[in-house]
Structures are given as C-alpha cells and as structure tokens.
Amino acid sequence: MRIRVLLGRSRNLYQIHISPLCSSRFTKTRLDQTLRSYHRLVHEKAYVNGQWVDASSGKTFDVYNPSTQEKIGCIPDMNSGDTERAIQCAAEALESWKETTAKERSTILRRWVDLCNENKEDLAKILTLEMGKPLQESIGELNYGIGFLEWFAEEARRVYGDIVPSPAKSKKLLVLKQPIGVTGMITPWNFPHAMITRKAGPAIAAGCTVVLKPAEDTPYSALALCELAEKAGLPSGVLNVVTCSRENSADVGKTLCKSPTVKQISFTGSTAVGKILLEQSASTVKRVSLENGGNAPFIVFETADIDKAVTGVMGSKFRNTGQACICANRIMVQDSIYETFLEALSKRMEQELHIGDGFNPKSTQGPLINNRAVEKIEALVQDAKSNGAKILLGGQRKEGNFYEPTLIRDVTTDMKCYKEEQFGPLAAVIRFKTEEEAIHLANNTSSGLAGYVFTENISQMWRIAEKLEFGIVGVNEGLPAMPEAIFGGWKESGLGREGGKYGMEDYLEIKYVCMGGLE
C-alpha cells in the first residue's frame with residue numbers, strides 16, 4: 001500500500017509517496033526536508049513579537065504524522081522563560097493595539113480571512129498531515145475556522161456600550177466596553193485551525209493581544225496562521241505562538257495562568273486540565289473561559305424519523321473519527337425501535353465508513369491522534385465486552401493508530417464507554433423505555449456540553465430541549481456548530497461562550513462612567 005501526499009498550491013502540486021510505516025526509500029529526514037523546501041506556510045520556529053524564534057534552550061521536539069507515523073519535523077520546545085518573554089511582548093504591543101479603531105481591526109481581520117481562503121488547500125494539507133483527518137474534512141474545518149475570522153471581523157464594529165437614564169439631571173450615566181488586555185490561550189489538537197480562530201479572532205477584534213500555546217501534536221497549523229496574519233498586516237506582538245512538548249506543557253500553561261500581566265485565559269481540552277488551569281488562575285483572579293470535555297447524549301425517540309436519526313449519528317459520532325468534544329457519546333434509543341435503529345445504523349456504517357490515510361480520497365475515517373488514544377478506545381471496548389455488551393461491527397485495532405469504527409449494543413450505565421468521554425469511533429447504544437427515563441439518563445452526568453434529541457413530535461422537541469442540562473442542544477440535527485452560534489457548556493463542561501454575538505464578551509471589560517456637574 002502507498003499513500004499519496006500532495007503538497008503545493010493550485011497547478012503546482014508536488015506528489016510524495018510515503019509508505020505506511022518508516023521506510024528506507026522515504027526517510028523521516030527526507031520528509032522533513034521536503035516540507036521545508038516546498039511549502040512556504042510550513043514553519044519550524046515559534047512566532048513571538050513578529051519574529052520566527054527558537055526556544056532559548058535550543059531544545060526541540062518531534063512532530064509525527066499520526067497516519068504514517070513518519071516524523072514531520074522539529075519544533076522549538078519552549079519553557080516558562082520563553083513564555084514570560086512572549087507575555088511581555090504581548091503587553092508592549094497591547095499599548096498601541098488597544099488604541100486602534102474597530103474599523104482598523106476589522107480591516108486587518110478581513111485581509112486575514114481573504115489570505116486564508118486563498119491558501120485554503122495548502123492549510124488543509126498541513127492540517128491533514130499533522131492531525132490525520134481526511135482532506136475533505138480538513139477543508140470543512142478550514143471553512144468553519146475561517147468563518148470565525150469573518151464573523152469577528154464584522155463583530156469588531158458592533159461592540160456597543162449603553163447610556164443609562166439618570167435619576168439626577170446633573171449626571172450622565174454611561175457604560176463602556178474596552179479590551180480586557182493580554183490573553184493566554186491553550187488550544188487542542190482535534191481542530192487545530194478552528195479552535196485558534198474561534199479564540200484569537202474575537203480577542204484581536206476586541207483590541208486584545210494573544211499568547212497562544214497550540215497542542216504539541218499539531219503546531220504547524222498554528223504557525224501557518226501566523227504567517228498569514230503577518231501578511232494581513234497584524235502588528236508584531238499582537239499574536240504570539242509559544243510551542244512546546246508535552247513535557248513542558250504544564251509549565252507553560254502555569255506561567256500563563258499565574259502571570260499578573262495575562263488578564264484572561266481561554267482553554268479547550270479535557271475537564272481535568274481545565275480544572276487545574278482554573279485553580280492556577282485564581283491567584284490573580286483573572287477571567288477564565290473553559291471549553292472542557294463532554295459526554296453527549298443522543299436521544300432517539302420512537303417518534304423520530306429513523307433515517308434522519310441515523311444520519312445524525314453518522315455526522316455527530318464519526319466526524320473527525322469521533323475525536324470531537326460534542327460527538328454523540330451515549331446513543332440512547334427507545335425500546336420499541338431499538339432493533340430497527342441498530343440494523344439501520346449498522347448498514348450505514350458498513351456502507352459509508354472507510355479507514356485510511358487522510359490523503360486517500362476514499363477515506364472517511366483517519367487515524368486516532370496517537371497510541372494513547374487508540375489504547376483508550378481498546379480499553380473502553382474491552383470493558384464493555386467484559387460487562388455483557390455485544391459488538392456488532394468493528395472492535396479491532398488496525399495497523400498503527402487506526403481503529404475500526406465500532407458499534408456496540410446492550411450498553412449499560414455501569415460501563416466505562418457510557419460514563420467516560422470516548423473520543424474515538426465507538427458508537428455505544430443503550431436502550432430506554434420512557435421519556436422520563438431518557439431525561440434522567442441524559443442529565444445524570446457532570447458534563448453539560450452538548451446533547452441531541454430526535455423526534456417528529458414538536459411538543460416533545462420543546463420539552464426535551466428545555467429539560468436537557470446542556471449548553472448546546474441539537475434537535476433533529478447532529479452538527480449544530482457554526483460561527484454564528486454560541487458554543488459552550490454547562491456544569492463541568494466549561495465557563496463562558498465562544499462564537500456568535502456573545503463570543504467577544506470574554507475579551508471585554510465593562511466600565512461605568514458617571515459624568516457629573518452637567519446642570
């Protein structure tokens with residue numbers, strides 16, 4: 001088997017054939033050299049104060065393609081000292097950036113949008129190379145992520161204050177909104193483009209500056225965005241990207257959280273890490289925005305259109321090979337249609353899900369991000385089997401970081417795949433009898449990010465949507481996320497909201513001004 005990787009732009013495509021495993025004919029060094037030689041958006045230095053820089057220690061860490069397990073290249077392994085310097089640069093840049101007009105910021109963001117669109121294919125190839133998702137899904141993520149820059153380019157000019165009717169004739173009462181200051185951001189590997197634009201877009205639009213740590217698995221997408229931001233005219237120091245290995249991630253994150261200069265932290269990732277960052281940020285009482293893990297219920301009532309519900313599962317569960325925080329995690333099907341639903345879902349999975357390298361146009365399911373992710377899915381499947389669940393499809397690890405799309409029936413509430421966020425191509429289906437039972441099962445979790453309900457009964461739609469204790473509810477819809485809508489969770493799934501007209505609020509301070517002596 002040979003995997004075709006395309007690099008380059010439009011008519012000038014470079015074809016590289018890589019064996020699935022390390023081969024003497026195409027070494028890791030040659031892959032590294034090819035990326036540097038042929039792709040102007042690929043950088044192997046961090047980006048601080050408008051400069052491409054190494055770690056002060058000179059240390060680097062390796063980044064691997066999760067599909068082929070080939071080394072892509074080496075990235076600076078920065079530490080807390082490097083992070084402090086980036087914070088200082090962001091603080092210095094803030095003094096001039098916060099004084100720009102909303103129109104000026106909007107214009108720069110609009111140019112960034114145009115450049116991202118012009119380079120969309122290249123950005124998608126970088127994303128697939130480092131993250132593994134099918135190229136068509138990478139294009140989809142680019143459309144989604146660029147949409148946030150476009151949205152906040154427009155929202156920059158809609159940050160309105162208030163004039164409050166005064167009880168005294170001599171006073172005028174005003175409410176102003178101003179940029180919060182330097183922001184620290186920590187982004188995940190599963191959407192390495194969109195999670196950056198969803199955070200940095202509104203912060204920059206509001207007049208803030210950014211110090212961002214991308215996931216160690218996917219730094220190249222972040223650095224490519226810096227290249228285009230600079231070309232768009234974003235001033236030095238407004239956007240800074242600090243790269244580091246998994247070993248240094250905790251220190252870099254702690255530095256961002258503990259720094260009195262950083263006024264806001266925005267994080268997307270696991271609930272466990274989110275709690276640590278929240279605790280660390282308490283020492284400086286900074287604002288914290290968290291998008292933590294989920295445990296999404298996907299409820300299919302007997303009143304549902306089964307074909308619609310199956311389509312919803314296919315999109316919600318298997319997008320990005322199940323590696324999304326709002327993926328359907330607990331597929332709950334009413335007893336009377338349980339068997340029919342399983343038959344329909346099994347058929348669609350067999351027809352539509354194809355494992356393969358992200359650059360293979362036939363692939364719909366790429367690899368999991370690394371070996372740890374595969375081992376987690378293996379453990380969840382084994383636990384379900386040992387506790388009485390039955391595997392209808394899949395259930396086996398394939399070569400490297402690939403795992404078969406898996407369908408499990410007769411799942412119960414004491415199984416790990418029911419209680420834990422899966423983050424993989426595992427469809428765990430549980431049955432319920434009544435609406436009341438479904439609501440209880442759905443809400444009986446510490447997570448509250450996303451939930452789904454499928455029914456053709458409009459009264460039931462409203463009832464369930466209101467009763468679900470989740471920040472996002474999809475009604476007859478498995479893919480609710482879009483730039484124009486808010487994104488965020490209840491309970492331990494997070495704080496604050498991203499996207500939509502509320503997406504800039506976390507990057508703004510509100511100031512009350514009382515003007516007296518006006519009689």
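Visitor: Which residue forms a salt bridge with Glu352, and how far apart are the closest N and O atoms?

Guide: Please note that this is a predicted model. In it, Glu352 forms a salt bridge with Arg348, and their closest N and O atoms are 2.4 Å apart.

Visitor: Where do Glu352 and Arg348 lie?

Guide: Both lie in helix H11, which covers residues 338-352. They are four residues apart, about one turn of the helix.

Visitor: Is Glu352 buried, exposed or something in between, and why?

Guide: Glu352 counts as partly exposed because its relative accessibility is 33%, and that class covers values between 20% and 50%.

Visitor: How many salt bridges does a search of the whole structure find?

Guide: The search finds 26 salt bridges. One of them joins Lys177 and Glu505, with the closest N and O atoms 3.3 Å apart.

Visitor: What about Lys71? Which residue does it bridge to?

Guide: Lys71 forms a salt bridge with Asp62, and the closest N and O atoms are 3.5 Å apart. Asp62 is partly exposed, with a relative accessibility of 34%.

Visitor: Which residues are linked in a network of salt bridges?

Guide: Asp335, Glu339, Arg409, Asp410 and Arg431 are linked in such a network.

Visitor: On to the rings, then. How many aromatic pairs are there?

Guide: The count comes to six aromatic pairs. Among them is the pair of Tyr47 and Trp52, which is tilted, with 4.7 Å from centre to centre and 55° between the planes.

Visitor: Why is that one called tilted?

Guide: Planes under 30 degrees apart count as stacked and those over 60 as edge-to-face, so the rest are tilted. The 55° between the planes of Tyr47 and Trp52 falls in that remaining class.

Visitor: Which residues form an aromatic cluster?

Guide: Phe298, Tyr452 and Phe454 form one aromatic cluster.

Visitor: Which charged residues sit over rings?

Guide: Arg198 lies over the face of Phe487, at 4.0 Å from the ring centre. The charged end of Lys491 is placed over the ring of Phe470, 5.6 Å from its centre.

Visitor: Changing topic: how many disulfides are there?

Guide: The count comes to zero disulfides. For Cys89, the nearest cysteine sulfur is that of Cys226, 13 Å away. Cys116 is also in no disulfide, and its nearest cysteine sulfur, again that of Cys226, is 11 Å away.

Visitor: Are Cys89 and Cys116 buried or exposed?

Guide: Cys89 is buried, with a relative accessible area of 16%. Cys116 counts as buried at 0% relative accessibility.

Visitor: Last one: which residues of helix H14 are buried, and what do they pack against?

Guide: In helix H14 (residues 435-443), the buried residues are Glu435, Ala438, Ile439, Leu441, Ala442 and Asn443. These pack against several elements, including strand E14 (296-300), strand E15 (328-334), strand E18 (426-432) and helix H15 (458-467).

Key
Residues are numbered from 1 along each chain as its sequence is written. This is a predicted model: local features need pLDDT of at least 70, side-chain atom pairs count only at pLDDT 80 or more; totals for chains, interfaces and linings use all residues. Side-chain values use heavy atoms; hydrogens and water are left out. Rings of Phe, Tyr and Trp (its six-membered ring) pair if their centres lie within 6.5 Å; planes under 30 degrees apart count as stacked, over 60 as edge-to-face and the rest as tilted. A charge sits over a ring if NZ of Lys or CZ of Arg is within 6 Å of the ring centre and within 35 degrees of the ring normal. A disulfide is a pair of cysteine sulfur atoms within 2.5 Å. Buried means under 20% relative accessible area, exposed over 50%, partly exposed in between (1.4 Å probe, protein chains only). Helices (H or I, at least four residues) and strands (E, at least two) are DSSP runs, numbered from the N terminus. Contact means heavy atoms within 4.5 Å. A salt bridge is a side-chain nitrogen of Lys or Arg within 4 Å of a carboxyl oxygen of Asp or Glu.
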